[in-house]
Amino acid sequence: MLILASASPRRKDLLEQIGLTFEVETADIDETPHLAEDPTAYVKRLAEHKAAAVFARHANRSRLVVLGADTTVVCGQILGKPVDEADAARMLRLLAGTTHQVITGVAIVTASAPPMVAAEVTEVEFSSMTDAQIAAYVSTGEPMGKAGAYAIQGRAAKFIPRISGDYFNVVGLPLARVAAMLAELQR
C-alpha cells in the first residue's frame, strides 16, 4: 500500500498521472530551516520526516510504502510558501529577471529497507516583471500556498521562458525520479 505524505493537490494529480494507486495522509512537522542549512539538505530532511511521521502512525507496516516530498525555491535564500500577499510580491520581486533553483526532496520509507532519500534540482529562468504585473498576478490568488509564490503550470507560465531540468519537479514532484525509486523497491 502506497501513501503520499502530502496535502499538495499537485502531487496527488502527478502521481495519478503516472497511474499509481495511493492514499493521502498529511504529516504535521516543523518546517523551519536549521541555521545555515543547505537547501538540498533542508528539503531532503523534510521529505524524510514527513514520510517517517506518516509511517509511524500505522501498526501494520509490513507492506506499507510512504512517499514524502518537499519543494523549495532558492534565489539567494530559501523561499517557502508566502505568508500573505505582501510576502508573495516580495518573493516575485526577488525572482523577476533571474534564474533560480527549484529543489524537491523525496523520501520513501518502508519496513523492509532504510529510507530512500533523493533530491531533484531544476533551474528556472524568470522574465523581468513590473510592479503592476506582480500585483496583478498576486491578486489572482495563485501564488498562495506555493513555494516561491508561483505556479509554473498556471498563470506564471508566461513569465518563464525556459527551464533546465525536470518540469514536473517545478510543479512539485519529480516523477521520473519517484518512479525509479519505487521500481528499486521491487528489485
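## Whole chain

Colour the protein chain by secondary structure and follow the sequence: the pattern reads β-α-β-α-β-β-α-β-β-α-β-α-α. This amounts to six helices and seven strands. Keep in mind that the model is predicted.

Next, show the C-alpha atoms alone. Along the principal axes, those of the protein chain fill a box of roughly 55 × 35 × 25 Å. The radius of gyration is 17 Å, which agrees with the value near 16 Å that a compact globule of 187 residues would have.

Switch to a surface. Of the 187 residues, 48% count as buried. For contacts in the protein chain with a separation of 6 or more, 66% are accounted for by residues 24 or more positions apart.

## Helices α3 and α4

Now select residues 85-95, helix α3, together with residues 131-139, helix α4. How do the two axes cross? They come within 10 Å of each other, at roughly 135 degrees. Angles over 145 degrees would count as roughly antiparallel and 65 to 115 as roughly perpendicular; α3 and α4 are therefore oblique to each other. The crossing in which α3 passes α4 is right-handed.

Show side chains for the residues that make this contact:

- on α3, Glu85, Ala88, Ala89, Leu92 and Arg93
- on α4, Asp131, Ile134, Tyr137 and Val138

Colour the residues of the contact of α3 with α4 by type: six are nonpolar, three are charged and none is polar.

Definitions and conventions. Residues numbered from 1 in each chain as written. Predicted model: local features only at pLDDT ≥ 70, side-chain atom pairs only at ≥ 80, totals over all residues. Heavy atoms only, no water. Axes fitted to C-alpha atoms, helices over the stretch in contact; angles between N-to-C directions. Helix = DSSP H or I, 4+ residues; strand = E, 2+ residues; numbered from the N terminus. Parallel < 35°, antiparallel > 145°, perpendicular 65-115°, else oblique. Left-handed = near helix turned anticlockwise from the far one by under 90°. Contact = heavy atoms within 4.5 Å. Nonpolar A, V, L, I, M, F, W, Y, C, P; charged D, E, K, R; others polar. Rg over C-alpha atoms; globule rule 2.2 N^0.38 Å. Buried < 20%, exposed > 50% of the residue type's maximum accessible area, 1.4 Å probe, protein only.
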